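Here is a short briefing on selected residues and their surroundings. Please look over the sequence and structure before reading on.

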Amino acid sequence: MAGSELSITSGLLNQKRHPKLSPYFSYIKHLPSSVSHLPIFWSEEQMRMALQTSNMVDVLSNINENIEHAYNDGICAVIDSSFCKHFSMNEYKWAIGTVRSRSFEMQNGSIVLVPFGDSLNHNATSTVSWQLKNGSIVLRATTDLSAEKNDLELGMNYASLDAS
């Protein structure tokens, strides 16, 4: 696990533990309370039903095993044994699942959670790019948005449409 991922995961757990003191309370209370919707945390039976004979069952199972190994043999045994006294495996899986499914990678390779930024369009062919600048998210069109189709896409996904 990358250092920034571990740092954000443990920070998220600490912020969740003391929500009223956290400056991120509004964000944390809107996060899903479970990550059971993420395939890496499905049971093998659920994976086999959904994915049938796909090799993704083995890939997802390995990722889940690696997460458990990182918790038991990495964090608890080597890095910080007190972490595991405060946070259970399920809490750790919630945090790591949240970080992995909602974080943004910065240009320097580190990752960040951007409160409510994780609600932005995740389309790989999106016509909008994002940048963190002076603590704000800046959205920029990567193509000419003057075409009617793009105007509709922008209005439907990023703004309200005027019905008049």
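Cys76 and Cys84 form a disulfide, with 1.5 Å between their sulfur atoms. The criterion is a pair of cysteine sulfur atoms within 2.5 Å. The model is predicted: local features need pLDDT of at least 70, side-chain atom pairs count only at pLDDT 80 or more, and totals for chains, interfaces and linings use all residues. Residues are numbered from 1 along each chain as its sequence is written, and side-chain values use heavy atoms, with hydrogens and water left out.

**Disulfide**
- The count by this rule is one disulfide.
- The link of Cys76 and Cys84 is left-handed, at -85 degrees about the S-S bond.
- Cys76 has a relative accessible area of 16%, so Cys76 is buried (buried means under 20% relative accessible area, with a 1.4 Å probe and protein chains only).

**Ser22**
- Ser22 sits in the loop between α1 (3–17) and α2 (25–30) (helices are DSSP runs of H or I, at least four residues, numbered from the N terminus).
- Ser22 counts as buried because its relative accessibility is 7%.
- The side chains of Ser22 and Gln15 are joined by a polar contact of 2.4 Å. Such a contact is a pair of N or O atoms within 3.5 Å; within protein, one must be able to donate a hydrogen and the other to accept it, and residues adjacent in sequence count only if both atoms are side-chain atoms.
- Setting aside residues up to four places away in sequence, Ser22 touches Gln15 and Ile28 (contact means heavy atoms within 4.5 Å).

**Lys93**
- Helix α6 (residues 89–102) holds Lys93.
- Lys93 is buried, because its relative accessible area is 12%.
- Beyond its neighbours within four places in sequence, Lys93 contacts Val35, Phe41, Asn64, Ile67 and Glu68.

Technical notes: Helix = DSSP H or I, 4+ residues; strand = E, 2+ residues; numbered from the N terminus. Buried < 20%, exposed > 50% of the residue type's maximum accessible area, 1.4 Å probe, protein only.
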